[in-house]
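Let's take a walk through a protein chain together. Have a look at the sequence and the fold first, and then read on.

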Amino acid sequence: MSGNSDGKGKLDTYRDKRDVSQSGEPAFDGDGGGTASDDSPIFVIQKHDASSLHYDIRLEVGGVLKSWALPKGPSTDPSEKRLAIMTEDHPRDYADFEGVIPEGEYGAGTVLIWDRGCYRNITEKDDGLRPMEDALEEGHALVWLEGEKISGGYAFQRIDKDDDQWLLIKMDDEAADARRNPVSTELKSVASGRDLDDIRDEEQVD
Ligand code: MN
């Protein structure tokens, strides 16, 4: 952890890793991007066809998007533990990013807004609601997602302290469904209706 408490410090790594003038990704605009929405924070899951295909799940926390890469995407089956590798905080505006990151840029490849919506922190500790920042710092956070494809409770569980490897686990609630496999059956963007090929065809940059 960087120890920075303001949005600017949290996004230093995001800025350092990429040249947004070349990549087409949202610029760091000084306040984390967009308007903070403390009452109904957002989440997004972006399908990212980079050097290896993966999904990125991002939760709005404290004005930025806390981010994890999911090599296999999210599951709706509570018996499946999906690896989630914590990556750098992203600006809030990144939730609206869909397009092609050109060759030679960090994360080069196609980004598709696979799911999005609002979420609620449901992490309880000592009979109270644990703030998200504290829950993540402690390596255990429960969220209730209200997406178009993915909904209900999910647990983010850090595997080892001082490591960036977490597990994302569907909680056993009414939205759990071991027979669904949305990662393989629901291919289109919830923002544009396009699949990866459509985005590549329409937005390829030379
Ligand atoms: Mn990614």
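Predicted model: local features only at pLDDT ≥ 70, side-chain atom pairs only at ≥ 80, totals over all residues.

Residues are numbered from 1 along each chain as its sequence is written, and side-chain values use heavy atoms, with hydrogens and water left out.

Start with the overall build. The chain has six helices and 11 strands; these are DSSP runs numbered from the N terminus, with helices (H or I) of at least four residues and strands (E) of at least two. Of its 206 residues, 50% are buried. Here buried means under 20% relative accessible area, exposed means over 50%, and partly exposed lies in between (1.4 Å probe, protein chains only).

Now find the manganese ion. Its protein donors are His 48 (ND1), His 54 (NE2) and Asp 56 (OD), at 2.1 to 2.3 Å. Donors are N, O and S atoms within 2.8 Å of the metal (3.2 Å for Na, K and Ca), and since water is not among the atoms, sites may look incomplete. Along the sequence, the donor residues follow the spacing H-x5-H-x1-D.

Next, look inside. In soluble globular proteins, nonpolar side chains tend to be buried together. A nonpolar core is a set of buried Ala, Val, Leu, Ile, Met, Phe, Trp, Tyr and Cys residues joined through side-chain atoms within 4.5 Å. The largest one here has 27 residues, and Leu 59, Trp 68 and Phe 156 are among those with the most contacts inside it. Strand β2 (residues 53-61) contributes the most to this core, with four residues. Apart from it there is another core of 14 residues, including Leu 11, Phe 28, Ile 113 and Val 190. Contact means heavy atoms within 4.5 Å, and beyond its neighbours within four places in sequence, Trp 68 has contacts that include Tyr 55, Leu 59, Met 86 and Trp 166.

Charged side chains come next. Side chains of opposite charge can pair when their charged atoms come close. The structure holds 18 salt bridges, each a side-chain nitrogen of Lys or Arg within 4 Å of a carboxyl oxygen of Asp or Glu. One joins Arg 18 and Glu 88 (3.1 Å, N to O). Arg 18 sits in the loop between α2 and α3 (20-23) and Glu 88 in strand β4, so this pair ties together parts 70 residues apart in sequence. Another joins Arg 92 and Glu 60 (3.0 Å, N to O). Arg 92 is in the loop between β4 and β5 (99-101) and Glu 60 in strand β2, so here the linked parts are 32 residues apart in sequence. Glu 60 counts as buried, at 4% relative accessibility.

Most residues other than glycine have a negative phi. Which value does phi take at Asp 127? The angle is near 65°, which is positive. Asp 127 lies in the loop between β7 (124-125) and β8 (128-129), and counts as exposed because its relative accessibility is 82%. Asp 162 has a positive phi as well, near 60°, and lies in the loop between β10 (151-158) and β11 (165-170).
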